[in-house]
Amino acid sequence: MAQRPLLLIDAPSLYFRAYFGVPESSARTADGSPVNAVRGFLDMLATLVRTRRPDRMVCALDYDWRPQWRVALLPSYKTHRLAPEGEGEVVPDTLGPQVPVILDVLAAIGIPAVGADGYEADDVLGTLATTEPAPVEVVSGDRDLFQLVDDARPVRLLYVGRGVAKLEDCDDAAVRTRYGVPADRYADFAALRGDPSDGLPGVPGVGEKTAARLIERYGSVSGILTALDEPGSGFAPGLRAKLDGARDYLAVAPTVVRVARDVPLGPIATALPAAPVDPEQLLELAERWNLASPVRRLVDALADQR
């Protein structure tokens, strides 16, 4: 019998998708408060538990969605997502109040939700994917997490860019097919290509295909920068000029894109419970927030795994 996986959930990625995927009008409390993100998130977890059959689960949180150590290297990092007053992330007004409800429900069920000061959820996921016993499946719609894929451990990315129902189960071959680079070179590839969603400008004039060819030939951004100083390294004049003009950016961008693997997290009880650890609190939450159906679906999914 195949060993069952640790399911690592990129909680912000999923609850943002749930918020925009479930209409507010279809998920409200008696007083009219929207709980569409909560309902959608819990249903996503129930689907994942039923289809992936994990025996362990951790939800990763953004304690710092824009860490200063990344901003210091690349000031443009996520600037377009800053709130108008310059502090905090732009979050829909009716999503913010739903996040504590999600956390309360997870706590009552017994699914750990973990973050770390100075780090993003991606970094928590990267650390757990590196340090926890495999097999590991990371669930996210964030392309940066393709870098965590590792066939040897194994670690897979369940990419939910099109939703949990249409998740893409990605190993290293899938990353190569999608981008033309191995998973362990994805951070260098992304630095070259850029990513507007994270405020990464990339190298002007270098798209995905050119970035993949450069990684294939030179191995990494560091290898490219070294080759730029060698007259016979084979760059076309126009491409050499583009890369040479982006030296300062390329010196820091891979570090910004690269997910941390050494976040101090402390011990985490990853075992997935067969039943809620605090059923009375869960019942109270389900009644208060009109969540009886999604809570029941998740609880039933957990019970069915045993």
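Which residues line the second largest pocket? Select Pro 276, Pro 279, Leu 282, Leu 283, Ala 286, Glu 287, Ala 292, Val 295, Arg 296 and Val 299.

This is a predicted model, where local features need pLDDT of at least 70, side-chain atom pairs count only at pLDDT 80 or more, and totals for chains, interfaces and linings use all residues. Residues are numbered from 1 along each chain as its sequence is written, and side-chain values use heavy atoms, without hydrogens and water.

**Stop 1: the second largest pocket**

A pocket is an open set of points on a 1 Å grid over the protein atoms alone, where a 1.4 Å probe fits, with protein on both sides within 12 Å along at least five of seven lines; lining residues have an atom within 4 Å of a point. The volume here is about 190 Å³, counted as the space filled by probe spheres set on the points. Show helix H12 (279-288) and helix H13 (292-304): each supplies at least two lining residues. H12 gives the most, five. Helices are DSSP runs (H or I, at least four residues), numbered from the N terminus.

**Stop 2: the largest pocket**

Now move to the largest pocket, with about 600 Å³ of space. It has 28 lining residues; select Ser 13, Arg 17, Arg 81, Glu 89 and Asp 142, the closest to its centre. H1 has the largest share, five residues.
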